[in-house]
Every structure is written in structure tokens, then in C-alpha cells.
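Biologist: I want to learn how to read a fold from its parts. Can you take me through one, step by step?

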Amino acid sequence: MSSEEALALSTPDTFPAFPYDPPYTIQLDLMRHLYASIEGKKVSILESPTGTGKTLSLLCGAITWLKDEQTRSKKGQLAALEESLRGDGNEPAWVLKQSLELHRRELEAAEEALQERLEAARRKEEALRRKEKGHVRKKQKTTHKSVSDDEDDDVFLPDGGAVVQPDDDFKHLSADVRELLRKYEARNAPPPVEVVDNEPTCTKIFYASRTHTQLSQTISELQKTSFKTNTRTVPLGSRKNLCINSELRSKAGDLDEACRELMNGRQEAIAQAELVTLPYNLLLQKNSREALGIDLTDQVVVIDEAHNLIDTILSIHTVPLSSSTLRASLSQLKIYLAKFRSRFSPKNALHLRRLVLVLTAIEKFCSEWTSKHDNGKTSTNEEMLKVEDFVSALGSQVQEINLLEVDQYLRESRIARKISGYCDKVAEKEAAKDESKSKFVTSRGNRGTPPLHAVESFLLALTNPSSDGRIFVSSVSSNSAPGTPPVVQLKYQLLNPADHFRDVVSAARSVVLAGGTMQPISDFESQLFRYLAEGQMNFFGCGHVIPKGNLKCVVVEKGPRGGDMTFRFEQRGDTRLMAELGQLIMNFLNLIPDGVVVFFPSYSFLNSVKKIWDDSGVMDTLRSKKAVFFEPQDAGEVETVLREYAEAIRCPKDPASKQTGALLFAVVGAKLSEGLNFTDELARAVVLVGLPFANLGSVELKERMKYVTELEKQQESKSKPGLRDAGQELYENLCMKAVNQSIGRAIRHRADWAGLILVDSRYSTPRIKAKLPKWIGEEIVAAKTFGQAVKELGSFYRERKSSAIG
């Protein structure tokens, strides 16, 4: 047996750190599967419904492996030392024993030192926060000085060799002049970067989730375990969340410069941490990982709420650029060049000429594209282009430019901020001379991201492999004065998420994707992990912790009048069908107590049905049974609607009213379908009307479907039996992921109970049914008649009522 095999970790049967003894069987199964997957260096997809203790199970399973790995590492070091000493053959047994004991104490001392260094890093961070807060207060006393106090324009020169450097050509100059040049160079050099000692690193878990609220809940779950006192934990946020002071956080501007010191402190802490929590964007973007000093090599990556991971990757790397932003960038660039042109080094002059050339070419493209569409030469105001066709349209001079070099220059010189800063200063001076212009000028501290940053991101996107994305061109109306040309919106749309995530998978020891509703997983297999060897990826899905009697899932295929309950797009204007749907809901409200949430595929469908029901009197009948609420399209009103909905259920205003509870109409994929919990009486039923298929007329969706179909053909892979081609499979999966998220709003803990009512005959087809969460699909009843549906649901709610009374 090799030493590696001898040190292999066996999956434990128990997890003592889990705070509830004994854990549910599904919790123990999840922890065991997770532990084995990490040890086996697998990519694992885990589905565990909300309310089953998923986060707690993930933490206990992963950190248990981490602690065992640390013990294994010490054993390995001691075994290697012992083998080395025994190899000499001359050392007596007592020397061998003493040497091993000494080394063991050294390892323990190193562990204690790590903990002390982490505490020191935390204290340093707090000191930086206090220092910067005081620094900002001091600065505020002097920020109101007149802009006539001329600033040194040299600060706006590019970083990294921005000006002509003194060299041998200046040896004829006097010592005094050379000293002046040296001081000038030092003054314009980039700020020194704090050199951080090489911190000792350790194996760690990077735990990512979608929002900071979810990450805070993760830390709260950790506090329930025995790991809370012996696991070095570092929470990370976006640059804005990491910002050193509240004054800067309140500003809309870019925070890169203000956060550098704090980032250095964070890098020290990350190196010593065992658990690092961070939001998606910091993990999924390579430049963010590099900025924070995150090295995923041989580390464990756990991504919670990963059901929308593919869409998140595509969204993060999809880059918009409007013609108005482009014009602002060119305008600023020209002002900047007019001021500093004579002071650039040859290198800076070359790169800035290239930048002007590229921006001018893109502006010309936008202008010509607008003219072509305004003249009626095309029937649509949108177009999808291959990247190579777009670059070709920019002209031969742009094609000869290496855009990667341009991007590198923009980043190293920080020229975008320099240009924006100088132009803001010029605008402030002009406003000081002419008060009529002052209302159009915002102080520099409160400005947003420089427009050239958007250009930089767009140019970098163009360097991706051409087949990985497309350029979507569209025209949007301008909000400016009449006669102003429409704004052309360019958007690089990423189609291939695999390569951007492959950096994470290739570096990490193990990658775990977890969520309450991960089905259907075929998208993960085909779009994200198609390059993995057979056996390198596994899937774990578990049932719910609730008793079977707490859930009833019914597919309603027929309405009260016997009509077919199938809500295809072309049938949504059918008033007879909508009237029968209204009658169906009225009947169900007679059975369901407390709160009912009804999801529609879109706002347009919901608004159309609402109008039909208002005109026919159906809505009045619904209001006589329950208080009725609608999901607002304004995000700012959501909290108010939810509060009033809950009050109507828990504290009815008129006890004598025949109303019992409340009815909430919502939209799949909108604000109420994800991230919100309708616990207990807030959702004794979740109803889904129809299937929320996306608009097939979308040029962007068509291109994405076409891409995955072509990819499948290139790989010469055949669809699995029962599946459509890759494009249709993607289309269906997008729909079902949205459905599953809406379903997941109910049943939030072991004692919770609810009915899931799927109003569309297509839910009972094997293909759709297979894409529902595992814990739901096993319990579905397909009611062939409306009477059967009423019987099934009536029996369920009577049983729940009798259980509550008993």
C-alpha cells in the first residue's frame, strides 16, 4: 500500500459538529456524499430542498473534511520525517521518538501562530478603517475650496512611464536639472503598492452565494456548530462592501483607489483563513480573484444557490456599450490629448493613438448602422453579428491592432480614471466661470464610473474566442431633445459559459454546486462541464424532511367545465379559457385556508387575465373569499405589498367578514418567485398557471439556442433518449428552472405543509415531470378530471385541518 493510499480519508458515519443529534437521514446522506466528493476530487451537484438544513449540512460536511485533511497533512509530514530518519539507519529509537515529538510541537506552534497572525490582520483592518474615517473627516474641512486653486495637472498623466524619462540623452544636463527630473518622475509614479510578506497558506473552503444577506445567514449557521471557535473565517464582499468608510460607500463613484489599503489587509487574512465567504461576482471573475489575491489551487469551492449559475456567468461576462457612452469617451479623450499630447512617452502616444482609432471606428459603425435602419433599408431595429464580422466592419486598421495590448495598457496606465478626472476638473472650472453651467456639473467625488471603463470592458470582451459570443446591436429612443438621433446599443453577449468557469474547476480540488432546486441538470452537463471525464462529476438529490402527508402536488388537466387546461401563448387571449381558469381558482379557494400564491408566466398574461376578470365580475367573487393582492412591477413597492398580504392573513381587519386569508397573484421569474419565503400560513398553496416559456422571437435567445445546437453537432454527441435537440432542451430547461424556483417558495421547514397545484396538462408529460425537483416529482398526482383534482385537494386539506385540531 502506497503512503498516499494509507493516508486516504474514509467517509465518516457521523458528523459530531452537526448541532442537532441525530441529523435527519437526508442531512447525513448529504454530508457523507459531500465529504466523499471532496476527498475524491469531484465536481458535485447537490439538490436539497429549502427547509432541510442544506447550508448547515454543507458547512458541517465540508469543514469536517477540512479538519480531517489538516490532521492528514500533519500525519503525512510526520510520516515523511520518520521515513527519512529511519532511512539513515543509525539513529537510536529514543532520538527518533524525540525528533517526531519536537516536529509535532512545531506544527502545533505554527497553527497557533497562524491564528495570531489572522487576529493581527483583523486588528490592522480595523485600524485602517478608523484611520481612513478620520482622514475623510479631515479632508471634508478643505473640500469646499474654490476650483480656482489650481491643482497639479501632472497627477492626470498615465501611470507606468507616462512621461519622457531622463536617461543617457540627458547626461549633458546639470545635476540640478537632473534632480528636478528625478523629483518630477517620482511625483508622477504610481502609488507604491504595499508589499505583503508571503503569508503561510492553508487548505481552505471558498463558500460563495448570490447575495450578502445569504452569506450573512451562512455565518449565522456556522455559529450553531462547534466549528465556530476553531475555524478561521474571512467574509469578503464587493469592493463597495469592502470599502474602508461609510462616507465613501455612500458615493456612486468607483471605489478602487479608496480600497487599496483594505484590500491588502484582506489578502493577508485570506492566506491564513480556512473558510472564506464571498459573493458570486468575486469568485466568477478572474480579475476580481486576482485583485483579492485569491488562489483556488487545490482548494474546495462550494457555490450555494447555484441553480442560476450558468445565467450568472453569462450575465457577468455580457458587456454593454452605448453610442452615447462611446461619444463621451471620445470627447474626453480628445480634451485630454489636447492638453497632454506633447508630454507623452512614445509608448503612451502609440497606445492612445490606437485607442482613438478604435473608438472612432466603433462610432462610425454606430452612425452608419443608424443611417441604414432610419432609411428603411432593414425591417428591424436590432441585429446579431459574429464577433469577427463586427471587427471586420470596423476596418482593416482596427483588425491589425492587438486589443489585448490595448486592454493591458488601459489597466496598467489607469488612463480611464486619469482622463475622466482631468475632464471633470475642466468642467468644474468652466462652471465656476459661468454659473449657468454649474447645474450640469457634478462634483468629482460623486461621479460614477468613467465612461472609458465601459469601453475597456467591451474591448476586452472582443478578445474572447470568436465563437464564444456575439455582438447584439439595437436602437433605443433617446431621451434628449427632439431630433436627437437614437442611441445605438452594442452588447457583447457571451454564449459559452464553460471556458470562464473552467479556470475555477481546473484549479480547485473540488467544486460543489448546491441549491434547493437544481433540476434540470442537463444544462450543467452540456453547457458547463462537457469537458469533464466520465465519472468526474456526480449528482446528489434528496427528498424533503417533511412527512409525506405535508405535501400534495396535483396537476390539473381539466377545468370545471371540462375545458383543456393548456395555456400556450396563442391561447392566452381566449376569454372562455380565462373565465374557466377564474372558476377553477374560485373553487380551490373554498378548500384552501390562509394564504394562496398564484404564479403567472408573465406580467402581460397576468394583466390580461385581471382585465377579463374585472370586466366579468370574477375578481369581485375572488375578493369576497380572500383579500386580493398583485405583485408590483416597481421593486420599491414589494415590501409594502408583502406586509399587507401577511397582515390580511394573520390579522384580518374585519373578523365578521367572510374573507378567510389572502390571495397573492405573482409572476414567475419576477421579484416574488426567488429569494422570498412564504412560510406556514403565508402559502398553504402555490398555484402555477401555464409554463413560462421565453419569447422565441428574441434574437438573443435564438442565438443562444443555435449556439448550443451547433456545439452539440461539433462534438458529434447524440441527445439522450427522450430529449430534444440541444437548442430545444435549453429552451425547455430555462422554463423549468423558473418553475422550480417558484415552487420552492412553499414548504420552508419540517412542520410546514402546503399544496402545489400545477394548472396545465403539460406538467403531467414525462419530459416535463422529469425536470421537476426530485422531492416533488415522486409525489405528483395527475388529475384527469376537475372532480379528481378537487377530491385530492379536499382530502389533503381536511386531513391537515383535523391534524391541527387534534
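**Strands, helices and a buried threonine**

Modeller: Start with a strand pair. E7 and strand E8 (residues 469–476) are paired antiparallel, over 5 bridges. Keep in mind that this is a predicted model.

Biologist: Which residue in E8 is the bridge partner of Glu 382?

Modeller: Ser 474 is the partner of Glu 382.

Biologist: How do strands hold to each other in general?

Modeller: Strands of a sheet pair through backbone hydrogen bonds, and the pairing is either parallel or antiparallel. Here 4 strands make an open sheet, in the order E6-E9-E8-E7. The pairing is antiparallel.

Biologist: Which strands stand at the edges of the sheet?

Modeller: Strand E6 (319–322) and strand E7 (382–386) do. Each has a single partner strand, so one side of each has no neighbour in the sheet. On average, neighbouring strands of this sheet are turned by 20 degrees against each other, direction ignored.

Biologist: Now helices. How do I describe two that pack?

Modeller: Use the angle between their axes and the distance between the axes. Take helix H23 (residues 603–616) and helix H24 (residues 618–625): the angle is about 90 degrees, and the axes are 5 Å apart. H23 and H24 are therefore roughly perpendicular.

Biologist: Which residues make the contact?

Modeller: H23 brings Lys 610, Trp 613, Asp 614 and Ser 616. H24 brings Val 618, Met 619, Leu 622 and Arg 623. By type, the contact of H23 with H24 has 4 nonpolar, 1 polar and 3 charged residues.

Biologist: What about a single helix?

Modeller: An α-helix has 3.6 residues a turn, so residues three or four places apart point the same way. Look at helix H26 (residues 699–714). Its 16 residues reach 22 Å from first C-alpha to last, close to the 22 Å expected at 1.5 Å a residue. Among the buried residues of H26 are Leu 701, Met 705, Val 708 and Glu 712.

Biologist: What covers the buried residues of H26?

Modeller: The cover includes E7 and E8, along with helices H12 (309–316), H21 (522–528) and H27 (726–743).

Biologist: Is Thr 218 buried or exposed?

Modeller: Thr 218 lies in helix H6 (residues 212–222). Its relative accessibility is 3%, so Thr 218 counts as buried; the cut-off is under 20%. Leaving aside residues up to four places away in sequence, Thr 218 touches Thr 55, Leu 59 and Tyr 207.

Biologist: And the chain as a whole?

Modeller: The protein chain has 30 helices and 18 strands. Of its 806 residues, 48% are buried. Among contacts with a separation of 6 or more, 81% join residues 24 or more positions apart.

Conventions: Residues numbered from 1 in each chain as written. Predicted model: local features only at pLDDT ≥ 70, side-chain atom pairs only at ≥ 80, totals over all residues. Heavy atoms only, no water. Axes fitted to C-alpha atoms, helices over the stretch in contact; angles between N-to-C directions. Helix = DSSP H or I, 4+ residues; strand = E, 2+ residues; numbered from the N terminus. Parallel < 35°, antiparallel > 145°, perpendicular 65-115°, else oblique. Contact = heavy atoms within 4.5 Å. Nonpolar A, V, L, I, M, F, W, Y, C, P; charged D, E, K, R; others polar. Pairing = 2+ DSSP bridges. Expected span 1.5 Å × (residues − 1). Buried < 20%, exposed > 50% of the residue type's maximum accessible area, 1.4 Å probe, protein only.
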